[in-house]
Amino acid sequence: MLPAQWSSAQRRLHWWTASLVGLGFVLGWVMVAVPLRALLTKFLLYQAHKTLGLLVLLLTLARVPVRLRRGRPAWDVALPGWQRRAAAWMHLALYGLLLVVPALGYLTAATAPAQVPTLFLGVIPVPHLVGADPAWFAVLRQVHRALAILLVALATAHALAALANHLRGHRGLIAMWRG
Ligand code: HEM
Ligand code: HEM
């Protein structure tokens with residue numbers, strides 16, 4: 001049977017993930033633009049970016065089993081079938097990117113020619129399971145960046161659709177916000 005509403009864990013995980021992705025994305029651009037002469041700032045921004053990204057990965061790994069076990073509340077009956085199908089595909093794509101983008105980020109960090117350690121929360125060393133590899137790094141950083149842009153573009157379209165439906169009187173946004 002479908003649950004009557006999103007659980008509070010599902011709602012918290014949704015909004016925490018959205019905030020961390022937004023912040024991590026902005027930090028990604030800022031940290032690469034910081035000049036090497038501001039080395040400490042650059043290092044700290046990279047660590048913050050990697051921590052936010054790894055948190056997104058951990059939250060998503062916690063969220064997917066909850067979603068598979070518990071399911072989602074019934075769709076708003078006023079929502080046309082094509083919009084439900086489009087939203088379902090969008091959600092699937094977002095879940096996929098929430099796993100793939102941080103995984104590619106990890107591989108980018110691990111293969112980087114300048115072997116900077118990855119310190120989760122600034123203190124916990126995360127082992128790099130693959131070593132420095134300039135050729136792979138060149139490819140991985142491009143794919144990481146391209147898919148991060150795709151993730152944020154899709155999430156923006158998804159948020160705009162949620163807001164448009166809210167203005168038309170659908171209760172999807174309220175259901176995700178406060179159940
Ligand atoms: C949802 C999570 C993430 C998002 C949205 C994201 C986004 C970005 C963006 C926008 C950039 C800048 C692109 C560029 O100009 O090169 C970037 C770079 C980078 N990210 Fe992430 N990232 C995420 C997760 C991670 C994780 C988990 C790690 C590592 C543990 C990571 C490591 C890196 C590294 C090392 C770079 C710099 C690559 C370079 O030097 O060009 N990212 N990321
Ligand atoms: C990076 C940002 C975001 C990501 C990755 C994201 C991801 C997702 C995913 C994967 C779902 C499906 C939940 C499930 O079926 O388990 C969802 C649902 C939802 N999201 Fe987001 N979201 C983001 C930002 C936003 C924002 C900014 C808003 C509103 C302005 C929003 C509003 C909603 C609503 C209303 C639902 C429920 C839709 C429904 O009932 O079908 N999301 N989101």
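At what angle do α3 and α4 pack, and how far apart are their axes? In this predicted model, the two helices pack at an angle of about 150 degrees, with their axes 9 Å apart. Angles over 145 degrees count as roughly antiparallel, and α3 and α4 are therefore roughly antiparallel to each other. Their crossing is left-handed. By class, the contact of α3 with α4 has 18 nonpolar, 5 polar and 1 charged residues.

## The chain as a whole

The protein chain has 5 helices and 2 strands. Read from the N terminus on, its elements run α-α-α-β-β-α-α. Along its principal axes, the C-alpha trace spans about 55 × 30 × 25 Å. The chain has 179 residues, and buried residues make up 17% of them. Among contacts between residues at least 6 apart in sequence, 73% join residues at least 24 apart.

## How the helices pack

Two packed helices are described by the angle between their axes and the distance between the axes.

| Helix pair | Angle between axes | Distance between axes |
|---|---|---|
| α3 and α4 | about 150 degrees | 9 Å |
| α2 and α3 | about 140 degrees | 9 Å |
| α1 and α4 | roughly 140 degrees | within 11 Å |

α2 passes α3 in a left-handed crossing. On the α2 side, the residues that meet α3 are Lys50, Gly53, Leu54, Val56, Leu57, Thr60 and Val64. On the α3 side, they are Tyr95, Leu98, Leu99, Pro102, Ala103, Gly105 and Ala109. By class, this contact has 10 nonpolar, 3 polar and 1 charged residues.

The axes of α1 and α4 come within 11 Å and cross at roughly 140 degrees. That angle makes α1 oblique to α4. The crossing of α1 past α4 is left-handed. Here Val21, Phe25 and Gly28 in α1 meet Ala148, Leu151, Val152 and Ala155 in α4. The residues of this contact divide into 6 nonpolar, 1 polar and no charged.

## Surroundings of the two ligands

Which residues come nearest to ligand 1? Of the 24 residues around ligand 1, they are Gly28, Lys50, Gly53, Gly105 and Ala148. Several of these residues also take part in the helix contacts described above. Gly28 and Ala148 belong to the contact of α1 with α4, while Lys50, Gly53 and Gly105 belong to the contact of α2 with α3. The shell around ligand 1 draws at least two residues from each of α1 (8-33), α2 (39-70), α3 (81-111) and α4 (134-167). By class, this shell has 13 nonpolar, 8 polar and 3 charged residues.

Ligand 2 is surrounded by 19 residues, and the closest are Ala18, His91, Ala155, Ala159 and Ala162. One of these, Ala155, is also among the α4 residues that meet α1. The helices α1, α3, α4 and α5 (172-178) each supply at least two residues of the shell around ligand 2. By class, this shell has 12 nonpolar, 5 polar and 2 charged residues.

Is Ala109 buried or exposed? Ala109 is found in helix α3. It has 23 other C-beta atoms within 10 Å, and a residue with 20 or more counts as buried, so Ala109 is buried. Not counting residues up to four places away in sequence, Ala109 touches Lys50, Thr118 and His128. Ala109 and Lys50 are 59 residues apart along the chain, and their C-alpha atoms are separated by 8.5 Å.

Ala114 has its place in the loop between α3 and β1 (118-120). A residue is exposed if it has 12 or fewer such neighbours. Ala114 has 7 other C-beta atoms within 10 Å and is therefore exposed. The C-alpha atoms of Ala114 and Pro134, 20 residues apart along the chain, are separated by 9.4 Å.

Leu121 lies in the loop between β1 and β2 (124-126). Leu121 is also exposed, because 10 other C-beta atoms lie within 10 Å. Most residues other than glycine have a negative phi. Phi of Leu121, however, is near 60 degrees, a positive value in a residue other than glycine.

Conventions
Residues numbered from 1 in each chain as written. Chains lettered and ligands numbered in written order. Predicted model: local features only at pLDDT ≥ 70, side-chain atom pairs only at ≥ 80, totals over all residues. Near = placed C-beta within 6 Å. Helix = DSSP H or I, 4+ residues; strand = E, 2+ residues; numbered from the N terminus. Nonpolar A, V, L, I, M, F, W, Y, C, P; charged D, E, K, R; others polar. Axes fitted to C-alpha atoms, helices over the stretch in contact; angles between N-to-C directions. Parallel < 35°, antiparallel > 145°, perpendicular 65-115°, else oblique. Left-handed = near helix turned anticlockwise from the far one by under 90°. Contact = placed C-beta atoms within 7 Å.
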